[in-house]
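Reader: I would like to go through the terms used for this model and see what each one rests on.
Author: Ask about them one at a time.

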Amino acid sequence: MAIAAQTPDILGERQYGQDVRTQNVVACQAVSNIVKSSLGPVGLDKMLVDDIGDVTITNDGATILKMLEVEHPAAKVLVELAELQDREVGDGTTSVVIVAAELLKRANDLVRNKIHPTSIISGYRLAMREACKYVDEKLAIKVEKLGKDALINCAKTSMSSKLIARDSDFFGNLVVDAVLAIKTTNARGEIKYPIKGINILKAHGKSAKDSYLLNGYALNTGRAAQGMPLRVAPARIACLDFNLQKTKMQMGVQVLVSDPRELEKIRQREADMTKERIEKLLKAGANVVLTSKGIDDMALKYFVEAGAIAVRRIRKEDLRHVAKATGATMVSTFADMEGEETFDSSLLGYADEVVEERISDDDVILIKGTKTTSAVSLILRGANDHMLDEMERALHDALSIVKRTLESNVVVAGGGAVEAALSVYLEYLATTLGSREQLAIAEFAESLLIIPKVLAVNAAKDATELVAKLRAYHHTAQTKADKQHLSSMGLDLSKGTIRNNLEAGVIEPAMSKVKILQFATEAAITILRIDDMIKLVKDERDNEE
């Protein structure tokens, strides 16, 4: 008797082969279509309302995708991809999703034409390696000792698609000044620009143009008591991570008191312990005390008498940054090895002055002239919360881009120039190969054109014509030796023409483009590899138990 070949009995549904691929591609296209219209200097914004009715208005690909709760597993890969790009580069989150989705769509067509996914994957890998090599060797322009103009242009290019594009000259200067102010050299002698050292404070009122750069770290809280001085100079700062409140007995400690006067003594001792702690702080020379927990009103009077500033309930990360900038050590307890409580003056940080200023309606503590690293704060002004949030996101992107440009010193032309050049180059490369990968590389080349196409479509221009012109220019640049300067031709979306984007000042760090190519290819390959999907059904019996 022939044994019938049975599919194993799975509690769930199984899809395999072409069905899964098509479904994955459709899901990824759907995600990419959401962010597609927000690409470029004329991109539109998205309004996202979450389940409790909070509104976010944004143009930043990573933010849009983070707010969408994507169910589909393949589309989730794209969301993670955007977050990765945001972490690694900071900008280009929209492009990376669009390129990845387009690569998938093309790969799916090839699979339908009976080309094995493995051939496509190896073709894509080859194309990616060649593309990155070409960017580094031919398209990238070393900007020796970057002039400030180049940096401002990078920042302006990054902001061009955001809400603050109108004032990009103003914000470009602001961003570049901020990044240059936090330049540090680490132990290995590398020059680093820690973006985290730039504190962004948002204050309502006035217009966006009234934002400014403050030299010093700003804390969004006022002094703990009115009697404290407004300004302390030079400041010795203690960063604490515990309560300066009356020490209460631990839970579950029982004390039998036979004499009611003893009870009074216990209360007195509880109050005195905090007082002793504060005296230790002040004896060590601290005249500014920052804590992430609370300070008792009783305890505040000791600070007021000593003429010191105390600030309570500071955000943990702010405290960390202040500690790093001033050279202080965060102290989480006074106890030492001997079981005594001590506070050493070596744990203090130093700054030129600590002042309290009023910005719009809030009191803000500014720590100026910090000892070890320089910290700066951007004070953003704007009409409402949505605008301020979007300004902050745009500035975060611009800051990251300026940082990348300074650290890598290599830029490329923006506005679809790189993608068009790569597309022409890879098409030529594909025709020189006699292997299966030829088709995959040709499709990879086609996919890259999605960026100039989408840019043109968003600008309400004729995409087909513009992209054709752009490719003609790049073909000339690559075939004729005397026309190499044409390799930085890109789209001018306000006029709907082709121009030399290097001269027009539309530039981006080369590293951003290379990472977009690498991440998009990897994501596309990850999803392309899937040919079987099994969704397990939740077992009813388990639930009843």
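Reader: At what angle do helix 4 and helix 13 pack, and how far apart are their axes?
Author: The angle is about 145° and the axes are 9 Å apart. Axes are lines fitted to C-alpha atoms, for helices over the stretch in contact, and angles run from 0 to 180 degrees between N-to-C directions. Helices here are DSSP runs of H or I with at least four residues, strands are runs of E with at least two, and both are numbered from the N terminus. The model is predicted: local features need pLDDT of at least 70, side-chain atom pairs count only at pLDDT 80 or more, and totals for chains, interfaces and linings use all residues. Residues are numbered from 1 along each chain as its sequence is written, and side-chain values use heavy atoms, with hydrogens and water left out.

Reader: What makes K162 and D397 a salt bridge?
Author: Their closest N and O atoms are 3.5 Å apart. A salt bridge requires a side-chain nitrogen of Lys or Arg within 4 Å of a carboxyl oxygen of Asp or Glu, so the pair qualifies. K162 lies in the loop between helix 6 and helix 7 and D397 in helix 11, so the pair ties together parts that are 235 residues apart in sequence.

Reader: Why is K162 called buried, and why D397?
Author: Buried means under 20% relative accessible area, exposed over 50%, and partly exposed in between (1.4 Å probe, protein chains only). K162 has 8% relative accessibility and therefore counts as buried; D397, at 1%, also counts as buried.

Reader: What makes R471 and E427 a salt bridge?
Author: The N to O distance between their side chains is 2.6 Å. R471 lies in helix 15 and E427 in helix 12, so the pair ties together parts 44 residues apart in sequence. Salt bridges that share partners join E102, R106, E427, E443, E446 and R471 into one network.

Reader: Why is helix 14 described as largely enclosed?
Author: Of its 9 residues, 7 are buried, so helix 14 is largely enclosed by the rest of the structure. Among the buried residues are I450, P452 and L455.
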